[in-house]
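Here is a walk through one protein chain, taken a few places at a time. Keep the viewer open and follow along.

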Amino acid sequence: MIAAMSPARRRRRSTGRAVLAVVAALAMLSACASIAGTPERRPYSATTPPGQITVPNSGTATTPGTSPSPGSPGTPGAAGPVPAGLEKYYGQRLDWGNCEPYATTDDDRQAYQTRGISCARLNLPLDYAHPDGPTISIGVLRVPATGDKKGSVLFNPGGPGASGMSIVATIAEYNADPTLNASFDLVGFDPRGVGSSEPHIACQSDEQRDKDRAENWPGFMPTSTPEEVRAANDASKAFAQACVDTIGKQDSAGKIDGKAFLAQVGTTNVAKDVDVLRAVLGDAKLTYVGWSYGTSIGTQYAEQFPANVRAMILDGAVNPNLDPATDSIDQAQAFQKAFDDFAAWCAQKAGCPWSDAGQATATFQQLARPLMDSPLPLSDGRVLSFLDAVTGVSDALYSDAAWPDLLTALHDFAGGDGNALMGLADDYNGRDSGGHYSTLLEAFTAIRCMDNDRITDQDAVLALNRKLNEVSPFQDNGQPVAAVFDTCAFWPVPPTLKPHVPDPKGLAPVLVISTTGDPATPYQDGVELAGYLHGALLTVHGTRHTGFMLSGLSCVDKIGNDYLINLTVPDQGASCS
């Protein structure tokens, strides 16, 4: 049964193995919205506790196509128009310095030592409706242009929950795009609640996360009895409360309540933060690259600030007009297609657990389903659960570059050794060799809960979970289909974003890139987003999640850079392989 937190229904870019050429170690979740407790596409909202912060638009959707009223265009330090009441934020100056204090993971600690990069904090209102209230900050990382500077390019790698600072530091570490860097500062930011931003979304201890994985939560807990179903839903409720409690403890001054903070982490506010950052960097108009969930940020920015866009690449699109059930089903189908593509490749290789690709799903199920009753002991004292087995496979399906690793892991698994498959699952979960987890997946859940409708009807959840098993059978754990709800069904604050067709007025031509075999953000979503935004579409043929800059695809990189640097829009029907 595909329930609560099916890993295949999260959108991200896999670390390390998925990156060809010069770039290694990049983690990109994607905007995903799942039912039954899984992180999936989209982000947040909240109710205000008595005596705390007033939350604007609580439980309502933003109005597409509207922009804030411009205030004084002459705010010191700001480029472009400034919304009224936000002058102090738009007029601030960044204090650039050493990046190492901003590192939150082992990979960051290495990348943030790269020569030439610098970091700063951008102060922002917690609640844009009350800009004189409590403030938060986000981390920003800059790689200076090496030639004649045209401006800045802002990057977001997806998730939601992935660090933009980390992706840009890695681009700098490997000098991944010297052509673009010659003309632009490369700028990454950690969205509100993410990574080095303060406060940040954190919910569970490392020990609790290990325990949850061993018990198949979220997503694949036993559902044979009413008590087991209740336990699965209770675990989701406990997670939501843990997020509120843990975030609230970060503010020693007591000015920011955890629940009120979660109400403000949705993508509608992130887009506003991006406009502040654009102005503070000195760019009259935004040049932006968003992968996966980063396309949601770009779409929201285009709706709120269409006149402020210079150029925008949206690669691996999240469709803003899909209801969460359709979204989950489409993505589950895409992951099954990626599994089938891998299965055909694997069947031709020595060591593959199957010789007939048509038997791949059944063979994997025969290997993995016994883990529901008897998890496989590992060399480090942990166990490989059914959840971790599916997560490990899903991690490697984000790019065909990772298929050799998956082949090795499945060969070992068939022989009774689950360590390599667990390593892939650890990669997906952001667990390092010391047992410490990044907060990426916790942020992923919190943000998507604010960006999505919730399915709270029992019959609807049963129908969805049944359909998910049908369209992605490699993830079916063999348990009875049950009313196990997505974590967002128990979220303490209502969403601030609803499915809709964006219709920004006066938007410059944008470039949407969509890959035919993308398992996390299906190809058709990119086709539709390009139509909504009246933008250009670049089709990439292959089985991978996203294609620009980080996949070693010279055709895609050339078209993308020509667009960002020279504003050259590719011809209709443009494609790369």
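Is Cys-99 buried or exposed? Cys-99 is buried, with a relative accessible area of 1%. Keep in mind that this is a predicted model. The cut-off for buried is under 20% relative accessible area, so the value for Cys-99 falls in that class.

Now look at the partner of this cysteine. Cys-99 and Cys-119 form a disulfide, with 2.0 Å between their sulfur atoms. The pair links distant parts of the chain, 20 residues apart. Cys-99 sits in the loop between helix 1 (87-90) and helix 2 (106-111). Cys-119 belongs to strand 3 (residues 118-125). Cys-119 is buried too, also with a relative accessible area of 1%. The torsion about the S-S bond of Cys-99 and Cys-119 is about 100°, so this disulfide is right-handed.

The structure holds five disulfides. Count the bonded cysteines along the chain, and the pattern reads 1-2, 3-4, 5-6, 7-8, 9-10.

Move on to Cys-346. A disulfide joins Cys-346 to Cys-352, at an S to S distance of 2.1 Å. Both Cys-346 and Cys-352 are buried. About the S-S bond of Cys-346 and Cys-352 the torsion is about 120°, so the disulfide is right-handed.

Which hand does the disulfide of Cys-449 and Cys-488 have? The torsion about the S-S bond of Cys-449 and Cys-488 is about -90°, so the disulfide is left-handed. Cys-449 lies in helix 15 (residues 440-451), and Cys-488 in the loop between helix 16 (458-471) and strand 11, so the pair ties together parts that are 39 residues apart in sequence. The sulfur atoms of Cys-449 and Cys-488 are 1.9 Å apart. Cys-449 is buried, at 0% relative accessibility. Cys-488 counts as buried as well, at 3%.

Next, a pair of helices. The axes of helix 11 (residues 360-368) and helix 12 (residues 386-396) come within 10 Å. They cross at roughly 145°. Which residues make the contact? From helix 11 come Phe-364, Gln-365 and Ala-368. From helix 12 come Phe-386, Ala-389, Val-390 and Val-393. Sort the residues of this contact of helix 11 with helix 12, and six are nonpolar, one is polar and none is charged.

Now find Pro-377, in strand 9 (residues 376-377). Why does Pro-377 count as exposed? Its relative accessible area is 58%, and the cut-off for exposed is over 50%. Leaving aside residues up to four places away in sequence, Pro-377 touches Arg-382 and Val-383. Gly-416 is 39 residues from Pro-377 along the chain. The C-alpha atoms of Pro-377 and Gly-416 are separated by 9.4 Å.

Finish at Ser-514, in strand 11 (residues 511-515). Ser-514 counts as buried, at 1% relative accessibility. What lies 2.8 Å from a polar atom of the Ser-514 side chain? It is the backbone oxygen of Tyr-523. Tyr-523 is also one of the residues that Ser-514 touches, not counting residues up to four places away in sequence. Pro-522 and Gly-526 are on that list too.

Conventions:
Residues numbered from 1 in each chain as written. Predicted model: local features only at pLDDT ≥ 70, side-chain atom pairs only at ≥ 80, totals over all residues. Heavy atoms only, no water. Helix = DSSP H or I, 4+ residues; strand = E, 2+ residues; numbered from the N terminus. Buried < 20%, exposed > 50% of the residue type's maximum accessible area, 1.4 Å probe, protein only. Polar contact = N/O pair within 3.5 Å; in protein donor to acceptor, adjacent residues only side chain to side chain. Contact = heavy atoms within 4.5 Å. Disulfide = S-S within 2.5 Å. Axes fitted to C-alpha atoms, helices over the stretch in contact; angles between N-to-C directions. Nonpolar A, V, L, I, M, F, W, Y, C, P; charged D, E, K, R; others polar.
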